[in-house]
Amino acid sequence: MLDDRAKLLLKALVERYIADGQPVGSRTLSRASGLDLSPATIRNVMADLEELGLIASPHTSAGRIPTARGYRLFVDTMLTVQRESVMPAQLAPEQPQKVIANAAQLLSNLSQFVGVVMAPRRTSVFRHIEFLRLSEKRFLVIIVSPEGDVQNRVIFTEVDHSQSQLVEASNFLNAHYAGLAMEQVRERLKSEVDVLRGEIASLMQAAVNVGSEALSEAQGEVVISGERNLLSVSDFSSDMGNLRRAFDLFEQKTQILRLLDISSQAEGVRIYIGGESQVVPFEELSIVSSPYEVDGKVVGTLGVIGPTRMPYDRMIQIVDITSKLVSNALSHRK
């Protein structure tokens with residue numbers, strides 16, 4: 001447990017390091033903290049903080065920098081956020097894709113880092129489904145969502161099916177299950193398999209399985225804006241390895257999507273410190289995120305990705321306000 005003096009020194013060290021990016025020495029820390037302490041006393045406290053794993057000493061400097069644990073303690077217990085300094089423009093109520101793209105750009109412009117927005121999640125409901133025979137035991141499943149999005153998937157079956165069987169299967173699914181989520185269709189098919197011929201039932205099950213994946217993938221889009229902003233961040237511009245890893249993360253998107261999905265299950269703004277867990281495996285990157293809503297229901301997540309040495313108080317304001325703007329724009333879209 002840290003005493004008040006140690007907390008004040010850790011807070012001052014983190015704030016000074018965020019401000020100028022240089023390891024903080026005892027003399028600098030004495031001035032920054034405003035405490036009337038001898039250099040020896042400050043060195044002793046810093047040694048204690050280092051032993052606790054809250055700060056570390058780069059081998060090139062006698063100063064100290066925060067560790068992931070130090071950043072975590074700082075943002076959880078020492079961060080104060082002023083709510084008045086960020087006043088972004090409103091987001092117009094437009095088509096969801098346009099709102100999401102504008103929000104990602106707004107996050108990027110305000111933060112000067114990378115803005116990310118997970119597109120709104122919808123249930124995997126289908127409006128219409130059709131089958132097209134491609135070759136023996138190989139079929140194309142065409143799925144139309146209520147919004148008119150069309151997804152195509154190829155399925156392979158153990159037995160071949162005639163065109164009349166394909167029509168029979170699609171007619172049954174459209175007549176009995178249109179408007180239901182794929183998960184509901186899958187469960188109902190299990191209980192109603194006795195009334196269907198076995199080969200038709202297996203065809204439907206295969207279609208529902210790929211249909212669920214197709215609709216989920218279509219809704220799992222992540223919009224990213226401002227990757228090039230990292231080129232002007234000294235933490236990355238001085239190390240091409242760090243920069244390359246960051247751009248690989250943005251290109252793959254899978255890890256970002258997983259993180260944003262986790263964030264959507266929490267309330268309010270969340271901060272993920274780079275290197276403190278496998279959620280954000282890169283020590284050089286941190287993420288500030290928040291869920292957003294449509295008509296009071298959480299449907300997605302947005303956030304800012306930047307260097308671990310980011311001004312967290314400002315990022316919290318930017319993310320919090322943008323999530324409210326997105327919620328408002330999507331909820332009032334005509």
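Me: What should I know before I start?

Reply: This is a predicted model, where local features need pLDDT of at least 70 and side-chain atom pairs count only at pLDDT 80 or more, while totals for chains, interfaces and linings use all residues. Residues are numbered from 1 along each chain as its sequence is written, and side-chain values use heavy atoms, with hydrogens and water left out.

Me: How many helices and strands does the protein have?

Reply: Start with the definition. Helices (H or I, at least four residues) and strands (E, at least two) are DSSP runs, numbered from the N terminus. Here the protein has 12 helices and 10 strands.

Me: What share of the residues count as buried?

Reply: Buried means under 20% relative accessible area, exposed means over 50%, and partly exposed lies in between (1.4 Å probe, protein chains only). Of the 334 residues, 46% count as buried.

Me: And what is the accessible surface of the protein?

Reply: Such areas come from the Shrake-Rupley method with a 1.4 Å probe; for residues, only the protein chains shown count as cover. The total is about 16,900 Å², and 49% of that belongs to carbon and sulfur atoms.

Me: How do I read contacts along the sequence?

Reply: Contact means heavy atoms within 4.5 Å. Take the contacts between residues at least 6 apart in sequence: 60% of them join residues at least 24 apart.

Me: Where is Ile273, and which residues does Ile273 contact?

Reply: Ile273 sits in the loop between strand E8 (270-272) and strand E9 (285-294). Ile273 is buried because its relative accessibility is 1%. Leave aside neighbours within four places in sequence, and its contacts include Ala68, Tyr71, Arg72, Val75 and Tyr312. Arg309 is 36 residues from Ile273 in sequence, and their C-alpha atoms are 9.8 Å apart.

Me: How do H1 and helix H4 cross?

Reply: The axes of H1 and helix H4 (residues 68-77) come within 10 Å, crossing at roughly 105°. So H1 and H4 are roughly perpendicular to each other. On the H4 side, Gly70, Tyr71, Leu73 and Phe74 meet H1 residues, among them Leu10, Val14 and Ile18.

Me: What makes a salt bridge, and how many are there?

Reply: Side chains of opposite charge can pair when their charged atoms come close. The rule asks for a side-chain nitrogen of Lys or Arg within 4 Å of a carboxyl oxygen of Asp or Glu. By this rule there are 6 salt bridges.

One of them joins Lys11 and Glu15, at 2.7 Å from N to O. Both residues lie in helix H1, 4 residues apart, about one turn of the helix. Lys11 is partly exposed at 22% relative accessibility, and Glu15 is partly exposed at 36%.

Arg64 and Glu50 form another salt bridge, at 2.8 Å from N to O. Arg64 lies in the loop between strand E1 (55-56) and strand E2 (65-66) and Glu50 in helix H3 (residues 39-51), so the pair ties together parts 14 residues apart in sequence. Arg64 is buried at 17% relative accessibility, whereas Glu50 is partly exposed at 29%.

Me: Which residues form the nonpolar patch on the surface?

Reply: Patches are made of residues with over 30% relative accessible area and no salt bridge: like charges are joined within 9 Å, nonpolar side chains (Val, Leu, Ile, Met, Phe, Trp, Tyr) within 5 Å. Here Leu132, Leu134, Val154 and Phe156 form the patch, with about 370 Å² of accessible area together. Strand E4 (128-135) and strand E6 (150-156) each give two or more residues to the patch.

Terms used. Axes are lines fitted to C-alpha atoms, for helices over the stretch in contact, and angles run from 0 to 180 degrees between N-to-C directions. Angles under 35 degrees count as roughly parallel, over 145 as roughly antiparallel, 65 to 115 as roughly perpendicular and the rest as oblique.
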